[in-house]
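Please take a moment to look over the sequence and the 3D view before reading on.

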Amino acid sequence: TLYVALIAAAFAMTAIAALTSPFALIALLAAPLIARPIRDVVGGATGRDLIPTLAGTGVFELVWAALLAVGLALGYHA
């Protein structure tokens, strides 16, 4: 539950950032990258089965952050 809540927080922050820069919504393009990790965690994966989940979460967070930064920069310069 905590894992899903923390991922949801990233999307909530995107919505909040979009209030000042609508371009921030491009960060939502990272959403498909988190589908499998969420499915693994909700499905009850444990131990070594969580290694790909950790990697997938890292990739998602990196892409989300980069897209959010680009969106905020575009909004700042617009």
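The largest nonpolar core of this predicted model consists of 10 residues, namely Ile7, Ala10, Ala17, Ala24, Ala27, Ala30, Ile34, Phe60, Trp64 and Leu68. A nonpolar core is here a set of buried Ala, Val, Leu, Ile, Met, Phe, Trp, Tyr and Cys residues joined through side-chain atoms within 4.5 Å, and buried means under 20% relative accessible area, whereas exposed means over 50% and partly exposed lies in between, with a 1.4 Å probe and protein chains only. Helices H1 and H3 each supply at least two residues of this core.

Residues are numbered from 1 along each chain as its sequence is written, and side-chain values use heavy atoms, with hydrogens and water left out. Because the model is predicted, local features need pLDDT of at least 70 and side-chain atom pairs count only at pLDDT 80 or more, while totals for chains, interfaces and linings use all residues.

Seen as a whole, the chain has three helices and zero strands, and from the N terminus on its elements run α-α-α; helices (H or I, at least four residues) and strands (E, at least two) are DSSP runs, numbered from the N terminus. The C-alpha atoms fill a box of roughly 45 × 20 × 15 Å, taken along the principal axes. Of the 78 residues of the chain, 24% count as buried. Among the contacts with a separation of 6 or more, 71% are accounted for by residues 24 or more positions apart.

How do the helices lie against one another, and what describes such a pair? Two packed helices are described by the angle between their axes and the distance between the axes. The axes are lines fitted to C-alpha atoms, for helices over the stretch in contact, and the angles run from 0 to 180 degrees between N-to-C directions. For helix H1 (residues 2–18) and helix H3 (residues 51–77), the axes come within 11 Å and cross at roughly 10°. That angle makes H1 roughly parallel to H3, because angles under 35 degrees count as roughly parallel, over 145 as roughly antiparallel, 65 to 115 as roughly perpendicular and the rest as oblique. On the H1 side the contact is made by Tyr3, Ile7, Ala10, Phe11, Met13, Thr14 and Ala17, and on the H3 side by Thr53, Thr57, Phe60, Glu61, Trp64, Leu68 and Leu72. These residues divide into 10 nonpolar, three polar and one charged, where Ala, Val, Leu, Ile, Met, Phe, Trp, Tyr, Cys and Pro count as nonpolar, Asp, Glu, Lys and Arg as charged, and the others, Gly among them, as polar.

Helix H1 also meets helix H2 (residues 35–42), and here the axes come within 10 Å and cross at roughly 155°, which makes H1 roughly antiparallel to H2. Tyr3, Val4 and Ile7 of H1 make this contact together with Pro37, Ile38, Val41 and Val42 of H2, and the residues divide into seven nonpolar, no polar and no charged.

Asp40 has its place in helix H2, while Thr53 lies in helix H3, and a polar contact of 3.2 Å joins their side chains. A polar contact is a pair of N or O atoms within 3.5 Å; within protein, one must be able to donate a hydrogen and the other to accept it, and residues adjacent in sequence count only if both atoms are side-chain atoms. Not counting residues up to four places away in sequence, Asp40 touches Ala45 and Thr53, whereas Thr53, with its neighbours within four places left aside, is in contact with Tyr3, Pro37, Asp40 and Val41. Thr53 is buried, with a relative accessible area of 4%.

Conventions. Contact means heavy atoms within 4.5 Å.
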